[in-house]
Amino acid sequence: MVDILGGRHLVTRKGAAVEAEAALQNKVVALYFAAARCGPSRDFTQLLCDFYTALVAEARRPAPFEVVFVSADDSSQEMLNFMRELHGTWLALPFHDPYRHSLSQLIRAATFSPCLHFLFQAIWWKQSNCLQNHLKASLGRSWWN
């Protein structure tokens, strides 16, 4: 379980609450900071959704990877609409959870969007290279440059 989210509840794009410990146990977790009003966030979200869907489809159940969305949106409705429109089946920190802001400051993601931060650094290179290759194939360039 990812200690940074311990004791928290997460929400699905349908609004259902789930316990973070149960949902993230034994998984590589990527925190995804983004906002619906941000053009680059919207573009990257679609690519991340495609990558996530392909990775989860190829993995044994339960998939060892999960994305947790940390919204930078202006309202809970804007966040839910963004999740329903473009997101994969990943989870999110609830909009009204004050930990959203603390987490953004801790990760220093508040200054740019989108931001994808992997919590298990030991697995970072394998996962990020896979994602980077997927993005290069989709975009013809790297988001890391």
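Read along the sequence, the protein runs β-β-α-β-α-β-α-β-α-β-α. That comes to 5 helices and 6 strands, taken as DSSP runs numbered from the N terminus (helices H or I, at least four residues; strands E, at least two). The model is predicted: local features need pLDDT of at least 70, side-chain atom pairs count only at pLDDT 80 or more, and totals for chains, interfaces and linings use all residues. Residues are numbered from 1 along each chain as its sequence is written, and side-chain values use heavy atoms, with hydrogens and water left out.

**Overall**
- The protein has 145 residues, and 46% of them count as buried. Buried means under 20% relative accessible area, exposed over 50%, and partly exposed in between (1.4 Å probe, protein chains only).
- Among contacts between residues at least 6 apart in sequence, 68% join residues at least 24 apart. Contact means heavy atoms within 4.5 Å.

**Helix α2**
- The 20 residues of α2 should span 28 Å at 1.5 Å a residue. The expected span is 1.5 Å times one less than the number of residues.
- The end C-alpha atoms of α2 are 29 Å apart, which agrees.
- Buried residues of α2 are S41, F44, T45, L47, L48, C49, F51, Y52 and V56.

**Packing of α2 and α3**
- Two packed helices are described by the angle between their axes and the distance between the axes.
- The axes of α2 (residues 39–58) and α3 (residues 76–86) come within 10 Å and cross at roughly 45 degrees. Axes are lines fitted to C-alpha atoms, for helices over the stretch in contact, and angles run from 0 to 180 degrees between N-to-C directions.
- α2 and α3 are therefore oblique to each other. Angles under 35 degrees count as roughly parallel, over 145 as roughly antiparallel, 65 to 115 as roughly perpendicular, and the rest as oblique.
- S41, R42, T45, Q46 and C49 of α2 meet F82, E85 and L86 of α3.
- By class, this contact of α2 with α3 has 3 nonpolar, 3 polar and 2 charged residues. Ala, Val, Leu, Ile, Met, Phe, Trp, Tyr, Cys and Pro count as nonpolar, Asp, Glu, Lys and Arg as charged, and the others, Gly among them, as polar.

**E66**
- E66 lies in strand β4 (residues 65–71). Its relative accessibility is 7%, so E66 counts as buried.
- Leaving out residues up to four places away in sequence, E66 touches L24, K27, V28, V29, A30, Y52, T89, W90 and L91. Y52 is also among the buried residues of α2.

**S104**
- S104 sits in helix α4 (residues 99–107). At 12% relative accessibility, S104 counts as buried.
- S104 and A72 are 32 residues apart along the chain, and their C-alpha atoms are separated by 8.8 Å.
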